[in-house]
Amino acid sequence: MDNRLTKRRLSDFLSYEWIMIIVVIIAAIILWELVYTMTAVKLTSGQQFKYYYDQNMSSLNDSEFYSIITDNDDPTFSYDVLSVGSEALTSEYNVLNVRLSVYEGDVIFTDSVEEENGASRAKSIIDSERVYVMGDLLTDGVNYLAKFLKDEFKDVSDVKSAVFDYGNLDENKIRANFLERMKKDNRFRSDAQKEEGFSLECERIKKVCAELEKFDYLMSVGEEKGLFYRYTKYSQSFKESQDNADLQAALDHEISEGRENAVYGINLEKLTGGKHSVAEYFRRADKTDAVGAVLLAFDFYDVADAKLTDLQFETVSFINKIVDEFSDIYSSRQGEA
């Protein structure tokens, strides 16, 4: 029997079987996509760090800024932040609220320049979104680390000082939290992978301790340096609403909870003496200086669906990186020490 492959036989085969060949190729592609989807690491909100340029802000130098914050020689983020990105918002269709509804976002560069009626973009964002009070960001970080304290420190009076020292933390508690958090993470399946991951987790916690200690210092000197952007949430919305009762109640609640004129942001124009000029990276699109530029952080710490609890304080590392790069606040402190 002659089974030789000839051009004619190949042509005849393709003329009759081409549809089947296409079906097989499509099936193979679908199967490969399914395998990839099932085995790929599914990123949580915390593992994706995203910063926004608000609609009035320039993002022209974002590529240079991205290089600063992703410098491997001086990493901003821990091993568990697997994606870093940015988005420039537009006034025609500002998607910030949509993005934040699915916990997609960590910080925003916006402006506090007031219009004739006293309104500003910074106030609008604080009124409508989950923006962190900076003092609460520090407190939440301290409380997060406190759950890892060795039992001998559980009743210590100065919890803040205790948690800033990694030596006071119990690595068995860190391990238990790590294994629980990573039990569905494909990166840490074998015993060897878990041990490697635990080592990385210890380094992450050490970094949280150090970053929060630096942030605590920033909060202690920020007022005298004019760093703080203060505001009472809902006061702008209430003013614009012409005495809306619900907004009045919301405003009264903020005041009763001690958040009147609270610190919601960092006035970036006050950062001076660093390696870079603030105005090169954070300014209104119609300006050449950084007047009114403000950094706000979003608060998803207690939102279970966001799966952000352990990585919420990457935001602190981001803020500290900016302070380090654009001012001499931390370097001068080291000199004093």
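Because the model is predicted, local features need pLDDT of at least 70 and side-chain atom pairs count only at pLDDT 80 or more, while totals for chains, interfaces and linings use all residues. Residues are numbered from 1 along each chain as its sequence is written, and side-chain values use heavy atoms, with hydrogens and water left out.

To start with the overall picture, the protein has 13 helices and 6 strands; helices (H or I, at least four residues) and strands (E, at least two) are DSSP runs, numbered from the N terminus. Of its 337 residues, 43% are buried. Here buried means under 20% relative accessible area, exposed over 50%, and partly exposed in between (1.4 Å probe, protein chains only). Among contacts with a separation of 6 or more, 75% are between residues 24 or more positions apart, a contact being heavy atoms within 4.5 Å.

Next come the rings. The structure holds 23 aromatic pairs. Rings of Phe, Tyr and Trp (its six-membered ring) pair if their centres lie within 6.5 Å, and planes under 30 degrees apart count as stacked, over 60 as edge-to-face and the rest as tilted. One of the pairs is F65 with Y281: the ring centres are 6.4 Å apart and the planes stand at 50°, so this pair is tilted. F65 sits in helix α2 (residues 62–69) and Y281 in helix α11 (residues 278–281), so the pair ties together parts that are 216 residues apart in sequence. Both F65 and Y281 are buried. Y281 also pairs with F326, and here the centres are 5.5 Å apart with the planes at 75°, so that pair is edge-to-face. This one links distant parts of the chain too, with Y281 in helix α11 and F326 in helix α12 (residues 314–326), 45 residues apart. Y281 has a relative accessible area of 10%, and F326 counts as buried at 1%. F65, Y281 and F326 belong to one aromatic cluster, whose members also include F49, Y51, Y53, F77, F109, F282 and F318.

Rings meet charges as well. The charged end of R175 sits over the ring of F198, 4.0 Å from its centre, and that of R333 sits over the ring of Y217, 4.4 Å from the centre. For this, NZ of Lys or CZ of Arg has to be within 6 Å of the ring centre and within 35 degrees of the ring normal.

R333 pairs with E213, the closest N and O atoms being 2.5 Å apart. E213 lies in helix α8 and R333 in helix α13 (residues 329–336), so the bridge ties together parts that are 120 residues apart in sequence. Both partners are partly exposed, E213 at 27% relative accessibility and R333 at 22%. Another bridge joins D216 to K160, with the closest N and O atoms 3.0 Å apart. It links D216 in helix α8 (residues 191–221) to K160 in helix α6 (residues 159–164), 56 residues apart, and K160 is partly exposed at 34%.

R204 and E201 also meet in a salt bridge, at 2.9 Å from N to O. Being 3 residues apart in helix α8, R204 and E201 are separated by about one helical turn. R204 is buried at 2% relative accessible area, and E201 is buried at 0%.

In α4, 6 of the 8 residues are buried, so the helix is largely enclosed by the rest of the structure. The buried ones are R121, A122, K123, I125, I126 and D127, and they pack against α3 (96–101), β3 (107–111), β4 (228–231), α9 (235–241), β5 (262–267) and β6 (293–297). D127 is buried yet has no salt bridge, as the nearest side chain of opposite charge, K233, is 5.7 Å away; Lys and Arg count as positive and Asp and Glu as negative, with His and the chain ends not counted. Leaving aside residues up to four places away in sequence, D127 touches Y231, K233, Y234, S235, Q236 and S237. The side chains of D127 and Y231 are joined by a polar contact of 2.9 Å (a pair of N or O atoms within 3.5 Å; within protein, one must be able to donate a hydrogen and the other to accept it, and residues adjacent in sequence count only if both atoms are side-chain atoms).

Note on methods
Salt bridge = Lys/Arg side-chain N within 4 Å of Asp/Glu carboxyl O.
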